[in-house]
Amino acid sequence: MREPTHDSGDALQRVQAYHALSKHTLHRSAPGPGYMDWETQPDPFRTFAGAPRMALPLMADAVASNHDALYRPVGSRPAVPLDERGVGALLELSLGLAAWKAYMEVWWALRCNPSSGNLHPTEGYLALPSHVAADWPGGVYHYVSRDHRLERRWQPAAATLAGWNQGFAPGTFLLGLSSIHWREAWKYGLRAYRYCQLDVGHAAAAVRYAAASLGWQARVLGGVADGDLARLLTLDRQGAFPDDTETDGPEREHPDLLMQIRTLPLQTESVPVAQLAGQVAVGPWLGQANRLSPRHAHAWPEIERVAQATWKPADAGEEGGVMTPYPPLSLSAPDLPAARLIRQRRSAQRYDGRTFLAKAGFFRLLDSCLPRPGSSPWDLLDGPPRLHLFLMVHRVTDLTPGLYALVRRAEALPMLQRALQGRFLWQPVAGAPDHLPLYCLSHGDLRAVAQQLSCQQEIAADGVFSLGMVGEFEAALARGPWAYRQLFWEAGMLGQVLYLEAEAAGIRGTGIGCYFDDTFHQLLGVQGTHLQSMYHFTVGGPLADNRLQSRPPYDHLQGRKRGQW
């Protein structure tokens, strides 16, 4: 995989140009294919032919933790052992299947990590020391969610095995995420890069929640260069992917982020990622990636350009940041099993237009979006929170419909008030918890506005509320062009929180990727690019589609062991 050679100024201009070109407007959609070419629909499952395979035990039913465990500090309860059962449970509850659905004779899989269009561009890899399981050699593995198995992509030679194992602190391993941009571009065209990065955020939060359900910790290694990550995950190997050329093939995977998973309370020891990646780079790799589509009618070179522009260099480092010590999160469903909550998450297709949410439940849902230190999934953030929520409230009991703002970093309040040009009330909401930075901006029925902003999708008007996640765009990019991806990752994490907490409250969420960016900015009075809308979301009472059939996620794995602790 080629590493970029442009300077940071050129890369920043490419990012800005991509973001502007990929906006939908009232009069023009972002460039897309214009039709659905079903003959080239990408395979939703990547596999590597010839790679040794290891079946994972199915462990989700044995996970005993409840909803409250998802937000407890690590070390507050016993952690499950780091072995093949624990690894199996982590993957099953994060990147694994949640159910199979069918309409007529066509079946498709749903996963615990949501994806735009259910196209799933995100792939997961593990870097494991040899002591995780007696019959698993240490090395690099790819996860296949359909079969709940690992495929070994690289194994250290006997002479270097000790050095490989020394790169892992006791009770730890590494989990990396990558994106296949073609999977999203097939349907969404230019805007697909945005959706791939949102999906990375959803997947990272899903991993963090799954880890919490096991009593484990997860943290993003923010200082890892993309070049090292590509080498570590075996993504840089020429000839391993279909249509590889010197300029890369359309089905290549791009490195995104790396997490350290650990069973012990979080430490801050450095992880020698570059050293581990160097070992992988000189060793033989195993397996050939399957072809996802028979042909690629449109290559979308603009996506490759922005991917190169946001490539993270070796000298980027970690930003860090101090989070506000909010009081502990109160729980809406303390007795709800964590595994059941995670696996029941769905994207609603329609809302009933009648369901109301109690005001206390609304406050609790927003409270879960506040970035607490040491709490899922916000301890994954590499830097201060950069996104704030602007909500169009339709049906919250005893709360006047209108436009509201949740300011997720207290220091940002004066900046947001200036950016919105002083045209709103900014009244603290009566009855909200003292620590909840929720403000009423204006009163009024915004259902028609919400529907128009969301590409005329009725679901934005028929729910309890819809919202836009507005990011501190220029402030984030001041750190480097790669921070463009991190804005979407934070948005995806917010989306995952809203999905799970809506389920816990007895309603349902849906991410909205199609919205009119600048029309929403105009509603807020935002000018320029200081602030930009990164993702929209809506929550409400779902309507079931009784035409669909359903079956459990892994019923097709006849005879697969269902483990227990």
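Modeller: Strands β3 and β4 run antiparallel and are joined by six bridges. Helices (H or I, at least four residues) and strands (E, at least two) are DSSP runs, numbered from the N terminus, and two strands pair if DSSP finds at least two bridges between them. The model is a predicted one, in which local features need pLDDT of at least 70 and side-chain atom pairs count only at pLDDT 80 or more, whereas totals for chains, interfaces and linings use all residues. Residues are numbered from 1 along each chain as its sequence is written, and side-chain values use heavy atoms, with hydrogens and water left out.

Together the three strands make an open, antiparallel sheet in the order β4-β3-β19. The edges are held by β4 (106–111) and β19 (549–551), each of which has a single partner strand, so one side of each is left without a neighbour in the sheet. Neighbouring strands of this sheet are turned by 25° against each other on average, direction ignored; the axes are lines fitted to C-alpha atoms, for helices over the stretch in contact, and angles run from 0 to 180 degrees between N-to-C directions. Strands of a sheet pair through backbone hydrogen bonds, either parallel or antiparallel.

How many of the seven residues of β3 are buried? Six of them are, so the strand is largely enclosed by the rest of the structure. Buried means under 20% relative accessible area, exposed over 50% and partly exposed in between (1.4 Å probe, protein chains only).

In helix α10 (residues 359–367), the buried residues are Phe-362, Phe-363, Arg-364, Leu-365, Leu-366 and Asp-367. They pack against several strands, among them β12 (387–393), β13 (402–406) and β16 (465–472), and also against helix α15 (483–504). Leu-467 belongs to strand β16 and, at 0% relative accessibility, counts as buried. Contact means heavy atoms within 4.5 Å; beyond residues up to four places away in sequence, Leu-467 touches Leu-389, Phe-390, Leu-391, Leu-498, Tyr-535, His-536 and Phe-537.

Ser-65 lies in the loop between β2 (53–55) and α2 (84–92). Its relative accessibility is 7%, and Ser-65 therefore counts as buried. The side chain of Ser-65 reaches the backbone oxygen of Ser-213 at 2.8 Å. Leaving aside neighbours within four places in sequence, Ser-65 is in contact with Arg-77, Ser-213, Pro-337 and Ala-338.

A search of the whole structure finds one disulfide (a pair of cysteine sulfur atoms within 2.5 Å). The disulfide joins Cys-455 to Cys-514, with an S to S distance of 2.1 Å. The torsion about its S-S bond is about -95°, so the disulfide is left-handed. Cys-455 lies in the loop between α12 (447–453) and α13 (459–462), and Cys-514 in the loop between β17 (508–512) and α16 (517–524), so the pair ties together parts that are 59 residues apart in sequence. At 26% relative accessibility, Cys-514 counts as partly exposed.

Two other cysteines lie too far from a partner. For Cys-196, the closest cysteine sulfur is that of Cys-514, at 16 Å, which is too far for a bond; Cys-196 is buried, with a relative accessible area of 0%. For Cys-440, the closest cysteine sulfur is that of Cys-369, at 18 Å, again too far for a bond; Cys-440 is buried as well, at 5% relative accessibility.

As for the whole, the protein chain has 16 helices and 19 strands. Its radius of gyration, taken over C-alpha atoms, is 22 Å, close to the 24 Å that the globule rule (2.2 Å times the number of residues to the power 0.38) gives for 565 residues, so the chain is as compact as a globular protein of that length. Buried residues make up 61% of the 565 residues.

Conventions. A polar contact is a pair of N or O atoms within 3.5 Å; within protein, one must be able to donate a hydrogen and the other to accept it, and residues adjacent in sequence count only if both atoms are side-chain atoms.
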